[in-house]
Amino acid sequence: MTPAELSWSPPLLRCAGYAVGGLVLLVVAAVADLAWRVASLDNAGRLLVGLVGLGLVGLAVRDAVARPALRLTSGGLDLVDGLRRRHLPWAAITSVHASALSHGRRLVHVRTLEIETLDGPVFLSRRQLGTDPTPIATIIEEHRARLG
């Protein structure tokens with residue numbers, strides 16, 4: 001497989017699910033009678049439901065527009081860092097590895113791909129990549145050793 005063929009993104013079905021869920025929450029928040037019948041929401045509750053709906057729609061749009069989240073090319077890595085697309089040449093990448101950020105008391109475990117660069121680390125979550133970051137780190141390190 002050539003490097004140009006390797007890219008990772010969240011599945012479009014997940015983006016569509018976020019968008020539909022967000023739109024449903026926005027409709028519930030917008031229609032007072034519906035908000036009261038569905039969840040007995042007062043105005044403050046409707047505001048919170050509306051904000052969550054906006055967040056889900058925004059996340060769906062960002063994930064759909066910023067595809068692929070990570071692409072391996074012969075010249076380095078193309079990735080989406082926040083809202084902007086970046087190209088990292090192989091010379092700027094010092095290491096790539098998968099890690100897990102954990103908070104034991106709250107049982108929060110986020111699996112990430114950590115790309116160490118000359119400018120500092122870049123983290124991409126499993127949700128952003130659409131798959132487990134461990135094999136991605138291995139593939140990138142193999143290509144970096146061969147091409148970089």
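Reader: Hi! What do the buried residues of H1 pack against?
Author: They pack against helix H2 (32-39) and helix H3 (43-65), where contact means heavy atoms within 4.5 Å. Helices are DSSP runs of H or I with at least four residues, strands are E runs of at least two, and both are numbered from the N terminus. This is a predicted model, in which local features need pLDDT of at least 70 and side-chain atom pairs count only at pLDDT 80 or more, while totals for chains, interfaces and linings use all residues. Residues are numbered from 1 along each chain as its sequence is written, and side-chain values use heavy atoms, leaving out hydrogens and water.

Reader: Thanks! Which residues of H1 are buried?
Author: Cys15, Gly22, Val28 and Ala29. Buried is under 20% relative accessible area, exposed over 50% and partly exposed in between (1.4 Å probe, protein chains only).

Reader: And what is on the face turned away from that buried side?
Author: That face of H1 carries the exposed residues Leu12, Leu13 and Val20.

Reader: New topic: which residues touch the most other members of the largest nonpolar core?
Author: Of its 18 residues, those are Leu70, Leu77, Leu113, Ile115 and Ile140. A nonpolar core is a set of buried Ala, Val, Leu, Ile, Met, Phe, Trp, Tyr and Cys residues joined through side-chain atoms within 4.5 Å.

Reader: Which elements give two or more residues to this core?
Author: Strands S2 (70-73), S3 (76-81), S5 (93-103), S6 (108-117) and S7 (120-125), along with helix H5 (133-147). H5 gives the most, with three residues.

Reader: What other core lies apart from it?
Author: One of five residues, among them Ala29, Ala35, Leu41 and Val49.
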